[in-house]
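These are my notes from an afternoon of looking things up in one structure.

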Amino acid sequence: MTKAQISDILNFISKLTFTRLNNLRKLVSSFYYSRYLGEVKHNGKPFSISIEPTTTCNLRCPECPSGLRAFSRPTGNLNPDFFKKTIDEIHKELLYLIFYFQGEPYINPDFLDMVKYANEKKLYTITSTNAHFLTDENAKKTVESGLDRLIISLDGTTQEVYESYRRGGNIDKVLEGAKNIVKWKKKLNSSKPYLLFQFLVVKPNEHQIEEVKKIAKDIGVDKVLFKSAQIYDYKNGNSLIPTIDKYSRYRKKQDGTYEIKNKLAKSCWKMWHSNVVTWDGKLVPCCFDKDAKFVLGDLKKDSFYDIWDSRKYYGFRKAISKGREKIDMCKNCTEGTTVWL
C-alpha cells in the first residue's frame with residue numbers, strides 16, 4: 001500500500017462519525033435481512049449519493065448521452081442554493097458525495113464552491129473529469145476546495161487513440177491538467193485530492209495499458225483505475241469491445257452474437273444506501289438511469305427523506321428484489337449483492 005493510499009484511507013476514516021456509522025449499520029442489516037428472507041425491509045438514510053453538477057459536456061464520446069447530445073430530459077446546471085439546501089438536510093448521515101452523473105462538472109461555474117461547502121460538512125467528496133478545464137487556476141482552486149478524490153479520464157496514451165473515444169478531446173490538455181493538480185498539491189502541502197487516471201479499456205486502446213501506468217508514475221498520479229466499458233449496442237458485436245476478456249463485460253456466443261458475462265443479481269445494494277440527484281432536483285435510483293426514466297421524487301417539491309421513505313421508493317426496491325431482469329436499466333449492470341463502501 002502506498003503512502004497516498006494510506007493517507008486517503010485515513011482521510012476517509014476521519015469523516016466517520018457515530019451517526020454515520022450507526023446509519024450504515026441500519027442499512028447493511030436491513031439489506032441482508034431483505035436479501036435472505038425475501039421480504040423488503042429498509043432502515044436508515046443514504047450513506048452515499050451522486051449529485052449532477054451539469055448535463056453539458058465539451059466532448060462527444062460515443063457511448064455517453066452527454067456526448068451524443070441524446071437526452072430526452074431537460075439539461076442545465078445545478079443551482080448552488082438548491083445544492084446547499086439538499087446537503088443541509090442529509091449531511092449528518094451521509095458520507096460519500098459523488099459530484100458527477102452526466103456531463104463535465106467543471107463546466108458549472110459554481111462547482112468548486114459547492115465542493116468547498118460539502119467539505120465544510122465533512123463529507124468525502126469525489127468527482128470525475130475529462131480534465132480539459134484543469135487550468136493552473138482551476139487546479140489551485142480544486143486543491144483549495146478540499147476535494148478528496150479526483151478521477152481523470154484518460155482513455156489512451158496518444159492523441160490518435162485517445163480521441164477515437166474521447167472525441168473532440170486533446171490529450172495534451174488532459175496531461176497538463178493532471179500535472180497542474182500534482183503541482184498545486186505540492187505547493188499547498190496537501191495530500192488531497194487522491195488523484196487517479198481512469199482508463200476505460202476498449203479495443204482501440206487495450207494495447208496501451210502498460211504505457212498509461214508509466215505516464216501516471218512519471219506525472220505523480222496516485223493510481224490508475226482500469227474500467228470495463230458499458231456498451232449499449234453489443235449484441236451483434238461492437239468495435240469497442242476489447243479482446244482482453246478481463247476488461248470486457250461481454251462474451252461471444254457460439255452463434256456469433258454477444259451477451260453480458262455477469263449473472264444479474266437478484267438484489268441490489270445501491271437501492272439501500274444511495275441514489276442520484278439530477279441537476280434539476282429529480283431523485284432517481286442509480287447512475288444507470290442516465291435519462292432519468294425512473295424518477296422517484298422531485299426535491300423541488302418534497303423533502304429528501306420524504307421521498308427516500310416513500311411508498312413509491314419502497315415499491316421500486318421491491319420490484320428490483322423481485323425481478324431485476326424486467327427493468328431495462330438493470331440489464332447492462334455490473335452491480336449486485338456485494339456491500340461495498
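**Entry 1: terms and ground rules.** I call a residue buried when its relative accessible area is under 20%, exposed when it is over 50%, and partly exposed in between, using a 1.4 Å probe and protein chains only. Helices (H or I, at least four residues) and strands (E, at least two) are DSSP runs, numbered from the N terminus. The model is predicted, so I note that local features need pLDDT of at least 70 and side-chain atom pairs count only at pLDDT 80 or more, while totals for chains, interfaces and linings use all residues. Residues are numbered from 1 along each chain as its sequence is written, and side-chain values use heavy atoms, with hydrogens and water left out.

**Entry 2: helix 1.** I looked up which residues of helix 1 are buried. They are Asp-8, Asn-11 and Phe-12. These residues lie on the same side of helix 1 because they cover an arc of only 100 degrees around the axis (the arc is that of the directions from the helix axis to the C-beta atoms). On the other side, Lys-3, Leu-10 and Ser-14 are exposed. I noted the general rule: an α-helix has 3.6 residues a turn, so residues three or four places apart point the same way. The cover over the buried residues of helix 1 includes strand 2, strand 3 (124–129), strand 4 (149–153) and strand 5 (194–201). Helix 1 runs over residues 3–14, 12 residues in total, and reaches 16 Å from first C-alpha to last, close to the 16 Å expected at 1.5 Å a residue. The expected span is 1.5 Å times one less than the number of residues.

**Entry 3: Glu-93.** I found Glu-93 in the loop between helix 4 (80–90) and strand 2 (96–98). Glu-93 is buried yet has no salt bridge (a side-chain nitrogen of Lys or Arg within 4 Å of a carboxyl oxygen of Asp or Glu). The nearest side chain of opposite charge is Lys-45, 7.1 Å away; Lys and Arg count as positive, Asp and Glu as negative, and His and the chain ends are not counted. Leaving aside neighbours within four places in sequence, I listed contacts of Glu-93 (heavy atoms within 4.5 Å), among them Thr-19, Arg-20 and Phe-47.

**Entry 4: salt bridges.** How many salt bridges are there by this rule? The count comes to 17. In one of them, Lys-183 pairs with Asp-136, the closest N and O atoms being 2.4 Å apart. Lys-183 lies in helix 8 (residues 171–187) and Asp-136 in helix 6 (residues 136–145), so the pair ties together parts that are 47 residues apart in sequence. Lys-183 is partly exposed at 31%, and Asp-136 is partly exposed at 32%.

I also looked up Asp-222 and Lys-185, whose side chains meet in a salt bridge (3.2 Å, N to O). Asp-222 is partly exposed at 21%, whereas Lys-185 is buried at 11%.

**Entry 5: Ala-139.** My last stop was Ala-139, in helix 6. Is Ala-139 buried or exposed? Ala-139 counts as buried, at 0% relative accessibility. Not counting residues up to four places away in sequence, Ala-139 touches Asn-180, Ile-181 and Trp-184. I also noted that the C-alpha atoms of Ala-139 and Leu-78, 61 residues apart along the chain, are separated by 21 Å.
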